[in-house]
Amino acid sequence: MELLRLATAGSVDDGKSTLIGRLLYDSKAIFEDQLEAVERTSRQRGDDYVDLALLTDGLRAEREQGITIDVAYRYFATPKRKFIIADTPGHIQYTRNMVTGASTANLALVLVDARNGLVEQSRRHAFIASLLRIPHLVLCVNKMDLVGYDQDVFEAIKAEFREFAARLDIADLTFIPISALHGDNVVDRSANMPWYEGTSLLHHLEEVHIASDRNLIDVRFPVQYVLRPKSDEHHDYRGYAGTMAGGVLKPGDDIVALPSGFTSRVARIDTIDGPVDEAYGPMAVSVLLEDDIDISRGDMICRPQNRPETGQDVDATVCWMSESSILAPGAKLALKHTTRSVRALVKDLHYRLDINTLHRDEDANELTLNEIGRVSLRTTAPLFYDEYRRNRTTGSFILVDEATNETVGAGMILGPTT
Amino acid sequence: MHYELSHLRALEAEAIHIMREVAAEFERPVLLFSGGKDSIVMLRLAEKAFWPCPLPFPVMHVDTGHNFDEVLAFRDQRVDELGARLVVASVQESIDRGRVREETGPRASRNRLQTTTLLDAIEEHEFDAAFGGARRDEEKARAKERVFSFRDEFGQWDPKNQRPELWSLYNGRHRKGEHIRVFPLSNWTELDIWQYIAEEGVEIPSIYYAHRREVFRRDGMLLAVGPYVTLADDEEPFEAVVRYRTVGDASCTGAVESSADTIDKVIAEVAATRITERGATRADDRVSEAAMEDRKREGYF
């Protein structure tokens with residue numbers, strides 16, 4: 001059974017909680033005691049409906065204020081797949097959470113209220129999904145029951161979204177007309193919309209092809225930890241432990257280690273359960289080489305004919321996440337990229353992006369909380385990286401404030417500074 | 001299909017990655033081990049992450065003194081097999097030293113006292129990272145907790161001020177006296193744990209399987225009759241065939257009636273169950289809607 005991570009974003013009004021509640025309930029992932037607790041709380045508040053948002057709004061402040069303030073993770077499974085939902089609130093002030101939820105997602109679910117059509121928020125969600133390179137996007141046109149299951153309404157929203165999406169980088173786009181409240185096209189195909197020829201949402205989630213989304217071409221193995229037991233039984237054992245970040249690595253493959261540039265050959269790929277014939281993402285393995293070369297944490301193993309970019313000057317799209325500080329040229333920050341930690345100097349801010357209009361403000365001289373822009377960075381040591389669109393693991397980094405230790409920025413590498 | 005990992009292998013790889021990050025970036029990590037199935041799975045994952053090296057960190061048991069005998073025996077056997085160093089932090093000692101006061105009355109529990117014992121031990125041993133077996137599917141507050149969860153110098157968790165956590169890039173930076181709780185099983189569900197135990201052939205204490213036991217009913221739960229609980233006048237002991245879904249302090253962990261005496265039967269039961277494991281069996285979580293959040297803020301597991 002395969003694992004699919006999906007990110008949803010939206011507010012209470014567009015029926016997102018109802019939809020998630022329905023997916024969880026229909027797949028039996030909501031338990032009776034959870035439902036009873038939610039019913040009890042809804043009654044105490046005097047609501048005349050069961051607020052399924054309470055299933056995910058777990059923190060005291062959220063329940064008291066009736067808001068969602070953070071990414072909540074929910075789990076459900078069908079006989080075909082296991083799903084992890086990263087559920088984030090959709091308001092503009094929560095861009096940070098949306099980016100967080102989107103960073104690991106295979107699929108983004110964007111909800112639109114059929115009565116209102118595309119709103120600013122739907123565009124923002126779609127933009128963040130494309131920025132974070134979520135390979136699959138599903139636009140659910142919800143509340144179709146309230147527009148009489150009218151095909152024209154669905155087609156109009158679809159056309160409008162397609163036009164907008166043409167400016168984004170979305171590989172796979174699917175449209176599904178649903179009613180989360182009544183269950184139309186959620187688990188089963190709806191009899192109310194015979195004109196719709198696609199599959200139900202759940203069926204799509206079960207079938208969408210995600211295996212080829214990973215990079216299986218460029219071998220990237222960031223060394224995480226060196227295993228040297230020095231025991232009698234494993235006297236000369238020297239394994240480089242790490243998680244495959246790209247490509248397929250096999251015993252006998254020629255490799256080069258960066259930054260040293262030393263070359264060798266893969267002798268064995270080890271796990272406790274025995275050696276494996278090949279390793280690919282996201283397997284966590286231990287690589288043994290034929291030669292005794294000096295490799296340590298933060299180094300990168302790759303193929304000699306297919307190396308990542310190496311350099312200290314990179315351009316990246318950065319989402320700023322700090323409430324207490326700003327990003328401006330001259331700032332020095334800690335940067336973590338794969339297993340490598342360096343310091344970075346912000347050399348330049350090229351523009352700030354308006355995430356609603358996609359307009360680039362080139363006069364901007366700082367980024368504040370939830371703002372996104374293009375920066376040039378200079379690092380204290382070289383990074384071994386790929387463009388984010390080519391590899392989400394070797395193309396991403398986080399920025400950390402060295403004074404507070406807070407994570408203050410998320411970066412997606414565009415390439416070397418030009 | 002080719003180049004596809006099953007969900008269990010993907011979850012396993014994620015947990016191993018997290019453990020190796022901690023071993024590489026922290027000076028004094030520790031793995032919290034309760035003898036429960038989640039910490040047993042963690043121990044197995046740690047073994048995998050560092051094989052053929054021994055575990056690069058000790059294992060710590062916060063011992064309430066209210067144990068199931070089977071679990072203690074299991075703990076010692078497993079630690080022995082791995083050649084790991086075991087640290088026992090004792091709630092009884094915290095009581096004897098006057099750090100905490102024992103609760104009294106028929107419903108007295110040492111559950112809440114564990115927090116002080118745990119934090120004292122973390123301070124005493126200068127641990128800077130502590131692996132916990134918590135899962136996000138267990139409870140609402142946990143559903144929002146990070147994999148690397150920052151604790152201040154008082155051991156407190158501040159749910160409204162958590163570090164954003166993106167991709168698989170974890171931020172473990174902290175000052176002296178602060179620490180990070182690390183949850184490699186964050187994305188696992190109860191069913192995943194059981195399926196993994198079955199697939200890996202991991203051994204678990206016998207009380208997880210159906211057995212006969214003398215129990216009594218309290219708050220709709222079945223609690224074991226034993227030296228650590230006092231029965232109220234209207235509580236009648238009786239014998240039943242039960243198993244445990246979680247293993248915690250014997251005074252507040254409930255059993256469920258079940259005839260599942262093999263792993264396959266347990267998995268079938270878990271897959272069909274309609275009540276969460278904490279809701280069914282943990283008196284400690286029933287105190288209020290935000291019981292877990294409140295305890296976690298104080299520094300609980």
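Q: In chain A, what share of the contacts between residues at least 6 apart in sequence join residues at least 24 apart?
A: That share is 69% in chain A, with contact meaning heavy atoms within 4.5 Å. Bear in mind that this is a predicted model, where local features need pLDDT of at least 70, side-chain atom pairs count only at pLDDT 80 or more, and totals for chains, interfaces and linings use all residues. Residues are numbered from 1 along each chain as its sequence is written, chains are lettered from A and ligands numbered from 1 in the order in which they are written, and side-chain values use heavy atoms, leaving out hydrogens and water.

Q: And the figure for chain B?
A: Among contacts in chain B with a separation of 6 or more, 72% are between residues 24 or more positions apart.

Q: How many helices and strands does chain A have?
A: Chain A has 7 helices and 21 strands. These are DSSP runs numbered from the N terminus, H or I with at least four residues for helices and E with at least two for strands.

Q: Why call chain A as compact as a globular protein of that length?
A: Because its radius of gyration is 24 Å, close to the 22 Å that the globule rule gives for 418 residues. The radius is taken over C-alpha atoms, and the rule is 2.2 Å times the number of residues to the power 0.38.

Q: How much of chain A is buried?
A: Buried residues are 60% of its 418; buried is under 20% relative accessible area, exposed over 50%, and partly exposed in between, with a 1.4 Å probe and protein chains only.

Q: Which residues of helix α7 in chain B are buried?
A: Helix α7(B) spans residues 263-272, and its buried residues are I263(B), V266(B), I267(B) and V270(B). They sit on the same side of α7(B), because their arc around the axis is only 100 degrees, going by the directions from the helix axis to the C-beta atoms.

Q: What's exposed on the other side of α7(B)?
A: D264(B) and A272(B) are exposed there.

Q: And what covers the buried residues of α7(B)?
A: The cover includes α6 (190-200) and β9 (238-244) of chain B.
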